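Subject: Structure for you to look through

Dear colleague,

I am passing on the structure below, together with some notes on what was found in it. Please keep the view open while you read, so that each point can be followed in place.

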Amino acid sequence: MSFAAPLLLVCLLAVPLAVAGYLWLERRRDARAAAWATPALLPNIVQRPPSWRRHLPTALLLLGVALLLVGFARPRATISVKRQEATVVLVLDVSGSMAAKDVRPTRLRAARAAALRFVDQLPHGYRMALVTFSDHAAVAVPATHDLFSIRAAIARAKTGPQGTALADAVTRAVDVGLSVKGQSSNRRPPAIVVLFSDGGQTAGRVTPKQAAAKAKKSNIPVSAVAVGTPDGIVQQPLRGGFFERFQVPVQPAVLQAIAQGSGGRFARLSTIDTKATYRALGSRVGSRDKTVEVTAAAAGGGMALMLVGALLSGLWFRRLP
């Protein structure tokens, strides 16, 4: 407990002076009563209330005054509050295989809808970033509080080349999480990566094992979501109006390895639990000390005690203390 104006606490000296004055008046009242009647006969003349009842209203009044005087000094308390800082990096696979329609309407559109649920349920104060990848990875939106730009970038995402630089994208997402600085200090807020992909690694310079190890070392777990089924097929247009069909079955093994190696979770698109992912992140957010002024609480408590004292005095003795 600290005070913004500690010198005003000197006013509290008025409370013991008031207590001394009250005790002096009580003794004087007893002395005046003894002057005109024999002390042994006083109980027969008037019914004296219990001592605690006589003194309780005054005690409440003086305690209320003391709290009001403490309020004048503007007391401040230090409390522990939950931090509202964390970063969620969404990673969206836009390789050609995401055009497969084994997940309606397409793999990419289903993944975009799931990513938007993460945007909609993002806790207040958290940042979000978006990384997209096909044969190379790119930061579509850096870490920001502007969720409108995240939604717009997700809506614009379209399928590209067939290559899949999956591990490169995870590494890039981890770098985005590491680049964020805390608002109140230089301490990096916690971060997670949420990866939407149909799996596989056909391009890039980083291996899935290396990507998982970097995420683990950086304490940024990767929650990998497998999008697709073993029956995925895409068609590539050829000259003359013909099409070439490619089988693109979902490959969850790489996604599982990255999730487990980084300390994250693996899930299918149909079973992803957005709230559970955010709860896991929230458990790492921690708390910070915050100083708040409690003048209103002290003043309100003082007024309440004074009011109770006055009411008790009116009910018991038909007078104010």
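In what follows, contact means heavy atoms within 4.5 Å. Please note that this is a predicted model, in which local features need pLDDT of at least 70 and side-chain atom pairs count only at pLDDT 80 or more, while totals for chains, interfaces and linings use all residues. Residues are numbered from 1 along each chain as its sequence is written, and side-chain values use heavy atoms, with hydrogens and water left out.

Thr274 belongs to helix 9, residues 274-282 (helices are DSSP runs of H or I with at least four residues, strands are runs of E with at least two, and both are numbered from the N terminus). Thr274 counts as buried because its relative accessibility is 7% (buried means under 20% relative accessible area, exposed over 50%, and partly exposed in between, with a 1.4 Å probe and protein chains only).

Helix 4 (residues 107-120) packs with helix 5 (residues 147-156) at an angle of about 175°, and their axes are 10 Å apart; axes are lines fitted to C-alpha atoms, for helices over the stretch in contact, and angles run from 0 to 180 degrees between N-to-C directions. The two helices are therefore roughly antiparallel to each other, a term used for angles over 145 degrees. From helix 4, Arg112, Ala115, Leu116, Val119 and Asp120 meet Leu147, Ile150, Arg151, Ile154 and Ala155 of helix 5.

The largest nonpolar core has 35 residues, of which Val88, Leu90, Met128 and Phe196 touch the most other members; such a core is a set of buried Ala, Val, Leu, Ile, Met, Phe, Trp, Tyr and Cys residues joined through side-chain atoms within 4.5 Å. Helix 4 gives the largest share of this core, seven residues. Leaving aside neighbours within four places in sequence, Met128 is in contact with several residues, including Val88, Leu90, Phe118 and Tyr278.

Two places in the backbone also deserve a look. The peptide bond from Arg104 to Pro105 is cis, with omega near -5°, and Pro105 is found in the loop between strand 3 and helix 4. Asn219 has a positive phi of about 60° although it is not a glycine, and Asn219 lies in the loop between helix 7 (208-217) and strand 7 (222-226).

With best wishes

Key:
Parallel < 35°, antiparallel > 145°, perpendicular 65-115°, else oblique.
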